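Student: Hi! I have a new structure open and could use a guide. Can we walk through it together?
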Amino acid sequence: MSRAILNEEGVPTRLPDLALPPHLVTRGLALHGPFLYVGGDFDERGRPAVEVRPAAGRFDLRVEQPTWEPLELPIPPAAGKAIDDVLVEGDELILVDNILFPKYLFVYRLAAGNALPHSPRVIELPFARVNEHIHKGQVSPDYVALYSTSTGMGGTGTYVSVLRRGEYSPCLEVAYEEAAEESWTPWTLASGTEFRSLPFDIALHDHTLVIACPQALACIDLRAVETAALPGPLDSPHATIPPSEFLRIDLRDATPVSGLRWLDLGPEEDPDAVQFVGPNRLLLTTSDKQATQQAWLKAI
């Protein structure tokens, strides 16, 4: 793994590479102070009687030759399991477990000093669909957002799940689902749906969640969503969401939702990824290998 250090002018100086453990497939990284936390899996399928298993650890970047320090994982080795993302916010390190159900968040307390985090809380994630794979996580002081996809005989789905930090209870699920017959005959049975609604990336800052879709950004005020009203029968007042439940937004339903607004992208704006670089300020980037890579700022 390559690394560099920046001086005050932002000029990088290359440092010696980090030596990863053999067979480690890296899937997530997070910097916290002098420590680099790494998540992934050990893929040793070429060796007899050895299966893929989840892995996490850290490097102390202050030392001249950092060495791998493995983290305790509270689940036994299992084929297909991995740590798919690594998140750090405040005094918590959050490891995001992946595709096989049940799936978890492992929440470690980051102690002062150099002590290796241990004895994490285990948060079981809500079930969305079979073969659901978590691709990316985002964290803020109050929320965790997870972007995932699934595929099966019944069709495909793309999801953004949001949990409140602290108790780590679900407060929102955004979904875009297609039945199997729609995937076989694209844009025929699905005519009338907006193509822009298919999510491909997420960004989270404070209580603002941005879901990047083709041609548009879905900007969600999570505080507004949590206090939103659900429409009841026409002859009854709106009912608020009970604390034990959470709102589900279907991106194929054009019904307005309190706290959700769409920001259309211009014809020249076709990003592959988004990230916050400040309050209400996004960095949009492209990674098209066949064209010049681009990056631009956008206020939301």
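Tutor: Happy to! Let's start with strand 9 (residues 104-109), which is joined to strand 10 by four bridges, the two running antiparallel. Strands here are DSSP runs (E, at least two residues) and helices are too (H or I, at least four), numbered from the N terminus. Two strands pair if DSSP finds at least two bridges between them.

Student: Before we go on, what kind of model is this?
Tutor: It is a predicted model, in which local features need pLDDT of at least 70 and side-chain atom pairs count only at pLDDT 80 or more, while totals for chains, interfaces and linings use all residues. Residues are numbered from 1 along each chain as its sequence is written, and side-chain values use heavy atoms, with hydrogens and water left out.

Student: Thanks. Back to strand 10: which residue there is the bridge partner of phenylalanine 106?
Tutor: That is valine 122.

Student: And what sheet do these strands belong to?
Tutor: An open sheet of four strands, with the order 7-8-9-10 and antiparallel pairing. Strand 7 (83-89) and strand 10 (121-124) are at the edges with a single partner strand each, so one side of each has no neighbour in the sheet. From one strand to the next, the twist averages 20 degrees. Axes for such angles are lines fitted to C-alpha atoms, for helices over the stretch in contact, and angles run from 0 to 180 degrees between N-to-C directions.

Student: Let me zoom out. How many helices and strands are in the protein chain?
Tutor: The protein chain has two helices and 24 strands.

Student: And how much of the chain is buried?
Tutor: Of the 300 residues in the protein chain, 43% are buried. Buried means under 20% relative accessible area, exposed means over 50%, and partly exposed is in between (1.4 Å probe, protein chains only).

Student: New topic: aromatic rings. How many pairs are there?
Tutor: Rings of Phe, Tyr and Trp (its six-membered ring) pair if their centres lie within 6.5 Å; planes under 30 degrees apart count as stacked, over 60 as edge-to-face and the rest as tilted. By this rule there are three aromatic pairs. One of them joins phenylalanine 35 and tyrosine 37 and is tilted, at 6.3 Å centre to centre with 50 degrees between the planes.

Student: Are those two buried or exposed?
Tutor: Phenylalanine 35 is buried, at a relative accessible area of 6%, and tyrosine 37 is buried at 2% relative accessibility. Another pair, tyrosine 104 with phenylalanine 106, is stacked: 5.9 Å centre to centre and 25 degrees between the planes. Tyrosine 104 is buried at 17% relative accessibility, and phenylalanine 106 is buried at 0%.

Student: Which residue lies over the face of phenylalanine 35?
Tutor: Arginine 58 does, 3.9 Å from the ring centre. A charge sits over a ring if NZ of Lys or CZ of Arg is within 6 Å of the ring centre and within 35 degrees of the ring normal. Elsewhere, arginine 252 has its charged end over the ring of tyrosine 176, 5.5 Å from the centre.

Student: Last stop: where is isoleucine 300?
Tutor: Isoleucine 300 is in the segment after strand 24 (295-299), and it is buried, with a relative accessible area of 17%.

Student: What is isoleucine 300 in contact with?
Tutor: Contact means heavy atoms within 4.5 Å. Leaving aside neighbours within four places in sequence, the contacts of isoleucine 300 include Thr208, Leu217, Arg261, Phe276 and Arg281. For arginine 281, 19 residues apart from isoleucine 300 along the chain, the C-alpha atoms are separated by 6.1 Å.

Student: And the sheet with strand 24?
Tutor: That open sheet has three strands in the order 22-23-24, with antiparallel pairing. Strand 22 (273-278) and strand 24 are the edge strands, each pairing on one side only.
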